[in-house]
Amino acid sequence: MDFIKVDRVGKTFHKQGGQPLCVLDDISLRIQKGEFVTFFGPNGSGKTTLLNILAGIELSTMGMVRVEGKPPGHAKVGFVFQNYNESMMPWRTAIENVLFPLEILHVSSPQATRIAENLLKKVGLLEHKEKYFYELSGGQKQLVAICRAYAYNPDLLIMDEPFSSLDYSTTRKMEMYLLNIWKETKKTTLFVSHDVDEAIFLADKIIVLSRLPARVKEIISINLPRPRKLSMLSTQAFFRIRQKVLRMFENE
Amino acid sequence: MNRKRLLPFIVPISILLFWSIITHFHFVSKLFVPTPIEFVSALLLLVFSGEIIGHVLATLYRTLAGFLVACIIGIPIGLLMGYSNRIYSSLEFVVEFFRSIPATALFPLFLLVFGIGDESKIALSAWSAGLVLIVNAMYGVHLGKELRLKAAKTMHVSGLDTMTKIIFPEALPQIFTGMRVAISLSLIIVVVAEMFVGTTYGLGRQIMDAQLVYRVGEMYSYIFAAGIVGFILNKGFMQIEHRIVHWKGK
Ligand SMILES: Nc1ncnc2c1ncn2[C@@H]1O[C@H](COP(=O)(O)OP(=O)(O)OP(=O)(O)O)[C@@H](O)[C@H]1O
Ligand SMILES: [Mg+2]
């Protein structure tokens, strides 16, 4: 059975008094359990909208979506939102934000603290754990948001440009970290990126979306061997995939 | 630097000067405005005889009691109205309508229902402060970020946890704004209500009594005391507010 099944899904926003805006048009996808899938597409093309539908926090206006055979909203989803300022809790400290999903899951407090501290340690934020969320830098906030998603121990990990505020070396470090955890846990991961190299480097398959309204332009399987290494970024195979993706946006 | 420190004093000192001049040269009748000296001596007499203290405490007690009742009832209602469209739709008209009635117009009714003792005054101030808190708590929820609720939904957060761990803190800055307005309003209502029947202690009563017998020095002293109470309550709240909702605007 497909872990995620998206069948001819469409989404149209109806603004009061405005023109209806068709954002997703006839999207069909199949995603297997344990797959690492990246989404690549222009700004405003509907990536976030599609992920919201898969997470069950927005409804499609056409077609059918199934996650583990059920309508979206049933599976345990760890969602790293693009807008971390509005998805995290400024009234809590860094560690309290990471503890939130553990409270929801009723994990005992010493164990929860251990889990949260471990996660923060891995992203190098342990010394900042007592800072309030608004006292962190943009990149640090993003790392806390990622920790929160992991702390929930989700079946489906959705990351909407989770590294957009991170510096170069932190991004590379987080990519490797993400792949390591993925290798261990094999959690199905959906990942939006505006960086072609990143989108290819991480993925089992990359879904390329068109401009508004978003259609699936192409789904490319990435056959680079795992574990991925940064040196692969300069191989012929990598370069060929990169060219293929970029060429799709050349004559637009 | 030093000049800036002086800024808050310029206007009060000017008022004091103006006051001294108009009373000294009898521009206004002594029946309406005492001289600053008369005022201060009346005030000091009331303070050092201890007479004013009972009145301040009585007014303060009614104000705080009304305010507390308002918080306990008003904040949960406001949060629920902000959270649930169905509750909002069923209560919105009633709340807006009651808010439009000047609270003091209801005082005779409250006297009938609660009697002429403390209860009617406390109930009336709770009524008007409560309505302010309902509206502010509701706005607080509406001003909150929808994305935080969506994030909670992805984690299957229960209704109760959503309320206590997300919606309540989300609305807290606006609730505090409402509390500051509500406590000032509560004081106003209590002082006005005290001017009517059934009170021996209370600033409103004393202001009224002093006025009836033209003891203007005393009257101004009690007015001043009411002002001080309001000022301290407001400032005190601001202090707590900064400490508790430290994330406000960040
Ligand atoms: N709630 C909404 N109501 C109306 N229009 C919306 C709503 N949410 C998104 N849109 C519109 O839908 C389109 C797609 O938005 P979406 O956020 O999914 O894009 P995106 O691919 O994630 O873009 P980006 O790469 O910039 O994050 C945009 O044109 C946006 O204006
Ligand atoms: Mg987006």
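The following legends describe close-up views of a predicted model.

Residues are numbered from 1 along each chain as its sequence is written, chains are lettered from A and ligands numbered from 1 in the order in which they are written, and side-chain values use heavy atoms, with hydrogens and water left out.

**View 1. The shell around ligand 1.** Ligand 1 is surrounded by 14 residues (a residue counts if one of its heavy atoms lies within 4 Å). The closest are Gly44(A), Lys47(A), Thr48(A), Thr49(A) and Gln82(A). Strand 2 (21-31) and helix 1 (47-55) of chain A each contribute at least two residues to this shell, and helix 1 of chain A gives the most, with 3 residues. Helices (H or I, at least four residues) and strands (E, at least two) are DSSP runs, numbered from the N terminus.

**View 2. Polar atoms facing ligand 1.** A polar backbone atom of Gly44(A) lies 2.8 Å from an oxygen atom of ligand 1. For a backbone N or O atom of Gly46(A), the distance to a ligand 1 oxygen atom is 2.9 Å. The side chain of Gln82(A) places an N or O atom 2.7 Å from an oxygen atom of ligand 1. Of the 640 Å² of accessible area that ligand 1 has on its own (Shrake-Rupley method, 1.4 Å probe), the protein covers 66%.

**View 3. The surroundings of Glu58(A).** Glu58(A) occupies the loop between helix 1 and strand 4 (62-67) of chain A. Its relative accessible area is 15%, so Glu58(A) is buried (under 20%; exposed is over 50%, partly exposed in between; 1.4 Å probe, protein chains only). Leaving aside residues up to four places away in sequence, Glu58(A) touches Lys11(A), Phe13(A), Thr49(A), Asn52(A), Ile53(A) and Lys150(B) (contact: heavy atoms within 4.5 Å). The side chains of Glu58(A) and Asn52(A) make a polar contact at 3.1 Å; such a contact is a pair of N or O atoms within 3.5 Å, and within protein one must be able to donate a hydrogen and the other to accept it, with residues adjacent in sequence counted only if both atoms are side-chain atoms.

**View 4. The two sides of helix 2 of chain B.** Pro36(B), Phe39(B), Ala42(B), Leu43(B) and Leu46(B) are buried in helix 2 (residues 36-48). Seen down the helix axis, the buried residues fall within an arc of 135° (directions from the axis to the C-beta atoms), so they line one face. They pack against helix 1 (2-24), helix 3 (51-83) and helix 10 (216-244) of chain B. On the other side, Ile37(B), Leu45(B) and Phe48(B) are exposed.

How values were computed: This is a predicted model: local features need pLDDT of at least 70, side-chain atom pairs count only at pLDDT 80 or more; totals for chains, interfaces and linings use all residues. The expected span of a helix is 1.5 Å times one less than its number of residues.
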